[in-house]
Amino acid sequence: MILVLEKGIRAKQKDAILRVLKTEGVSALEFAEGGRTMLSLKVKAGQDTRAIEALPGIAKIMTLPTAMRLVAHADGREPTIVRVGDVEVGGENIVVIAGPCAIESREQALAIAAEVRKYGAVLFRGGAFKPRSSPYSFQGLGEEGLKILAEVRAKTGLPVVSEITSPSHARLMARYVDVLQVGARNMQNFELLKCVGRLRNPVLLKRGLSATIEEWLMSAEYVLSEGNSQVMLCERGIRTFEPYTRNTLDVSAIPVVKRLTHLPVIADPSHATGIREKVSPMARAAVAAGADGLMIEVHNEPDKARSDGAQSLLPEQFGSLMRDIYVIAPVIGKQLDFDYLEKRRTIARRAPRAKRRKPKAVYFGRIGTYSHKACVQFFGPKVAAQAAPSYQRIFEQVKSGEADFGVIPLESSLTGSVHQTYNLLLEYDLRIVGDITLRIIYDLIGHPGTTVSTVKRVYSHPEVFQQCREFIERQGWELVATQDAATAVKTVKARRGRTAAAVAPREAAAAYRMAVLERGIETNPRNYTRFGIIGAKPLTKGPRRKSTLIYATEDRPGALLETLQVFAAGGINLVKLESRPIDGKPWEYMFYVDLEADAESKAFRPVLEALRAKTDFLKILGCY
Ligand code: PEP
Ligand code: MN
């Protein structure tokens with residue numbers, strides 16, 4: 001149940017509402033949407049809410065009909081993760097489904113699949129049965145199209161998505177296709193919904209052309225009520241009075257549906273806009289709004305496409321959109337991983353020492369730290385994440401084979417390289433095999449009922465205090481240092497009362513079931529940390545995009561310039577260059593370099609040889 005509070009409601013009146021909720025034993029989460037303050041209530045089944053509904057200051061009450069009990073967000077229920085082979089939809093990775101509107105030929109499908117896979121799509125789409133507005137338009141290749149889809153999956157390893165238009169096709173579709181799409185025109189075809197509800201395949205349920213959010217969710221309820229809970233909702237634009245686009249992408253439906261249900265949401269900006277040049281801006285907006293994934297139509301010869309050519313991106317345009325999404329995802333705490341499938345599969349294949357155990361990755365600190373988040377986001381659930389008490393122990397464990405991988409911070413966008421971990425990379429003969437960038441947000445966390453004004457003492461890591469200096473200095477609190485930010489939350493949890501708070505990631509509040517008192521108190525919101533993954537062997541067989549090197553030059557004029565000239569002559573782009581003092585040699589420096597090339601490839605060999613000739617010391621820390 002959601003209470004929409006009156007516009008401009010006074011703090012006193014809101015507090016009165018909160019007090020009644022408390023006495024009624026109803027927990028409330030406050031949020032703002034469209035300039036209005038709202039309270040999302042966790043009401044127990046059968047609870048009489050009339051006293052709450054009658055409170056002054058409430059403009060509107062929104063409830064999900066009890067008939068939607070399976071799709072609704074239940075108390076304490078985790079979001080649903082839909083699994084399609086090695087792909088998980090609804091987790092912290094943005095999942096991209098791409099391919100042509102319709103399968104037109106074997107050559108067309110295989111060529112497009114190779115392109116979209118190259119750019120990071122993890123599922124391939126293509127219609128074999130096409131529900132067209134006109135009976136004279138191309139209707140799809142039928143079973144022949146399904147066979148082509150199965151071949152695409154075998155050749156590229158991409159699971160495939162295709163539309164089911166009739167219950168009579170169920171067995172045929174289930175044989176060839178991984179995800180069954182229920183199209184916009186069939187959203188309220190209840191026999192079809194019941195049919196896919198009885199199948200085992202995950203379902204992509206598109207929103208109908210004129211369906212309200214409740215009608216759409218009710219259709220999902222049909223599928224779940226038949227026993228299939230693997231449902232992804234797909235917002236594909238609704239019909240409005242606006243003729244400039246084919247439909248209107250309802251971006252606001254994304255956060256609404258995310259709050260109302262536990263099901264993942266995919267956005268389809270291709271059908272929503274119908275115009276190629278509008279697809280990428282809307283895709284970026286949908287990800288920023290919280291979509292779990294995208295469905296994008298891509299065609300290698302859109303002018304010759306038999307359907308929806310005008311809205312299909314060219315493969316290179318799709319590639320450039322994927323680069324944008326890669327950058328946007330960390331801003332909202334998610335990731336787009338270009339090597340998602342290959343990485344997941346290599347990790348699964350990597351035989352751990354003891355056959356029965358999952359591969360193990362170690363990180364510094366405890367659950368609820370950003371190191372832990374980096375570990376979980378990079379590896380997914382198939383790798384056991386384990387805490388280590390120090391960076392040195394991470395290196396020791398990976399070296400001895402006790403752990404398969406380690407997760408270490410490499411650099412912060414605010415404070416530069418983490419010298420301690422670079423020193424360990426120099427000391428140990430381990431390799432960087434991957435990297436992941438997280439946006440760092442710190443919240444003020446305490447027991448429920450604590451407010452900024454009741455707090456007197458704050459706990460966290462000194463570096464975290466530093467990053468939140470402006471906010472903290474305004475309050476004049478006593479600061480207490482802890483080993484890491486999650487330990488601070490644990491400490492505050494153990495101390496009762498409303499005078500203590502911790503500064504830590506939101507994940508730590510969730511891990512210790514504590515309340516967020518103030519969101520995002522870090523001084524600079526453009527705060528990112530890049531973590532490196534260390535291991536003994538590379539993670540993928542595919543092309544390695546980046547390399548990290550350390551080198552030292554002679555102490556003479558122009559020595560650094562000469563090394564840079566080697567990169568320039570080789571056409572190598574440097575993405576990082578940083579100097580730091582060499583231990584025991586005052587005023588002599590080492591250079592940390594990241595470059596966009598595989599430094600161990602054959603093509604790079606002449607550059608490497610020239611570089612060795614110009615340096616006293618050179619070590620490749622990893623190519624990934
Ligand atoms: C499609 O995905 O090709 C399609 C026909 O979509 P919709 O049902 O959203 O129109
Ligand atoms: Mn289409």
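Are Glu-297 and Asp-308 buried or exposed? Both Glu-297 and Asp-308 are buried (under 20% relative accessible area, with exposed over 50% and partly exposed in between, for a 1.4 Å probe and protein chains only).

This is a predicted model, where local features need pLDDT of at least 70 and side-chain atom pairs pLDDT 80 or more, while totals for chains, interfaces and linings use all residues. Residues are numbered from 1 along each chain as written, chains are lettered from A and ligands numbered from 1 in written order, and side-chain values use heavy atoms, without hydrogens or water.

**View 1. The manganese ion (ligand 2) and its protein donors.** Donors are N, O and S atoms within 2.8 Å of the metal (3.2 Å for Na, K and Ca); water is not among the atoms, so sites may look incomplete. Along the sequence, the donor residues follow the spacing C-x169-H-x25-E-x10-D.

**View 2. Helix H7 (residues 213-225) packed with helix H8 (residues 253-260).** Their axes (lines fitted to C-alpha atoms over the stretch in contact, with angles from 0 to 180 degrees between N-to-C directions) are 11 Å apart, at an angle of about 45 degrees. Helices are DSSP runs of H or I, at least four residues, numbered from the N terminus. Look for Ile-213, Trp-216 and Leu-217 of H7 meeting Ala-253, Val-256, Val-257 and Leu-260 of H8 (heavy atoms within 4.5 Å).

**View 3. Helix H14 (residues 391-400) packed with helix H15 (residues 419-427).** These axes lie 10 Å apart, at about 30 degrees. Tyr-391, Gln-392 and Phe-395 of H14 contact Gln-420, Thr-421, Leu-424, Leu-425 and Glu-427 of H15.

Terms used
Helices (H or I, at least four residues) and strands (E, at least two) are DSSP runs, numbered from the N terminus.
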